[in-house]
Every structure is written in structure tokens, then in C-alpha cells.
Amino acid sequence: MGFKVKEGDTVKYGTKTLNPERFVYVLLNKPKDYITTTEDPEERKTVMELVADAGNFRMYPVGRLDRNTTGLLLLTNDGELADKLTHPSNNVRKIYQVEINKPITNEHFEEIQKGLTLEDGPIKPDALSIVTPDAQVVGIEIHSGRNRIVRRIFEHLGYEVTKLDRTTYAGLTKKELPRGKWRFLDPKEVVKLKYFNN
């Protein structure tokens, strides 16, 4: 006899809980002044408003971007993938473009490159480069998911971060994705994320 599963029912196959929901993967180029949360008691703008037209899926952001940080943010309802991408042992690569209030000195550039110690322990970027001739825009590649880590690296050396933009996340880039817009990942990208070693 067939049995109709109702919404809210839990279906198990052996010990594995089956998810009737179709997985969805949305890549957003987050603008400033949106907070990375599903809802906000203070009624500030959240990233969920930007992806509201993606369909009636219960998805949530993978990791966080500060309110004033722009750039790539992944949203999904695939809990297993979200856990994998946020787990520190998986070393997910992230590249940021950092605009600072004054040119970075050679000494400070080398200091960041070698690694420095912040209040919550040592941090060493995977790569560092000067992007503009005036040395006020720096590219940094990092895999740490520590809170506000990029801002804190520069603040530690006396710089104010005036703009922070995540340009690459786990191999995904902002190519053809304007600020404030989103797109679904294509199946190839999803496979890469699930089995990534990037």
C-alpha cells in the first residue's frame, strides 16, 4: 500500500532522514547595509530580501558577511554542504579586496604576509597582493572563518578598512553578477562544491 507523506512528516531510510525538499543553491553579490541573517528583530534589511524572488525555499546564508562588507555570499537549504563549507578543517578559500584609508607600508605588507598574532591567536593569509598603484587597495586570500578576521588584520596595524569586498568564495567568482543580484549555481558548480579541494 502506498502511503502519502504529509508536510512536516519525518521519513527515514534506515538511520538516514530523507529530505523531501529540493536542494537549492543561490549565489548573491551582497551590497552594503544588508545583514547576513534570516530575520532581524531590529527590522534592518537582511540578505533574505534580496533573494526573495528565488522561490519559496527555506534557505539560509552559509557563513556571514558583516553589514558593511560586500561580495559573494552563498545561500542554500543543503545543511550538509553548509556544514562542510563552514568547517575550519576544510580550508575554504576566500579572496577579499580591501580598501584602506592610507597606503600600506612595505613593513606592514611583509608583516601580514609572514603572519601576525591577534587577540584570538595567530593568522597568516594564503596570499597577499597590492592591487592599485597607490597601495590603498590590497587583495588578500584567506581560509579562516574567524569573525571579522580581514578587518581585524588591518586594524591591528592601524589602518581603517573603508571598503571590504569578497570577490571569490570556494572557487565561485562574481563574474557577470552585479552588486545586489543573485543567481542559481549550475549543476557543475554544485558538484565542485560538494567534492571540492580548492
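Predicted model: local features only at pLDDT ≥ 70, side-chain atom pairs only at ≥ 80, totals over all residues.
Me: How many aromatic pairs does the count come to?

Reply: Two. F23 and Y25 also pair: their ring centres are 6.5 Å apart and their planes stand at 65°, so this pair is edge-to-face. Y25 is buried at a relative accessible area of 8%, while F23 is partly exposed at 33%.

Me: Zoom out. How many helices and strands does the chain have?

Reply: Five helices and 13 strands. These are DSSP runs, numbered from the N terminus (helices: H or I, at least four residues; strands: E, at least two). The chain has 198 residues, and 42% of them count as buried.

Me: What share of the contacts is between residues 24 or more positions apart?

Reply: Such residues account for 66% of the contacts in the chain with a separation of 6 or more. Contact means heavy atoms within 4.5 Å.

Me: What about the largest nonpolar core? How many residues has it?

Reply: The largest core has 35 residues. A nonpolar core is a set of buried Ala, Val, Leu, Ile, Met, Phe, Trp, Tyr and Cys residues joined through side-chain atoms within 4.5 Å. Those with the most contacts inside the largest one are V98, I104, I112, I140, V150, I153 and F154.

Me: Which helix gives the largest share of this core?

Reply: Helix α4, residues 149-156, with four residues.

Me: What is I140 in contact with?

Reply: Set aside its neighbours within four places in sequence. I140 then contacts K94, I95, Y96, V98, I112, P125, A127, L128, V150, I153 and F154. Apart from this core lies another, of 16 residues, with L72, A82, V92 and Y169 among them.

Me: A82 is in helix α2. Which residues of α2 are buried?

Reply: In α2 (residues 79-86), the buried residues are L81, A82 and L85. They cover an arc of only 100° around the axis, so they are on the same side of α2. That arc is of the directions from the helix axis to the C-beta atoms.

Me: What covers the buried residues of α2?

Reply: The cover includes strands β3 (25-30), β4 (60-61), β5 (69-76) and β11 (161-169), plus helix α5 (187-194). The face of α2 turned away from the buried side carries the exposed residues E80 and D83.

Me: Switching to R152. Buried or exposed?

Reply: Buried, because its relative accessible area is 12%. R152 belongs to helix α4. Beyond four places in sequence, R152 is in contact with L118, E119, D120, R146 and N147.

Me: Which residue has phi near 55°?

Reply: R148, a positive value in a residue other than glycine. R148 is in the loop between β10 (137-142) and α4. R148 counts as partly exposed because its relative accessibility is 35%. E176 also has a positive phi, of about 55°, and is not a glycine.

Me: Where does E176 lie?

Reply: In the loop between β12 and β13. E176 is exposed at 71% relative accessibility. K174 is also placed between β12 (172-173) and β13 (182-184).

Me: What is K174 in contact with?

Reply: Leaving aside neighbours within four places in sequence, K174 contacts N29, G71, L72, D165, R166, T167 and R179.

Key: Residues numbered from 1 in each chain as written. Heavy atoms only, no water. Phe/Tyr/Trp six-rings, centres within 6.5 Å; stacked < 30°, edge-to-face > 60°. Buried < 20%, exposed > 50% of the residue type's maximum accessible area, 1.4 Å probe, protein only.
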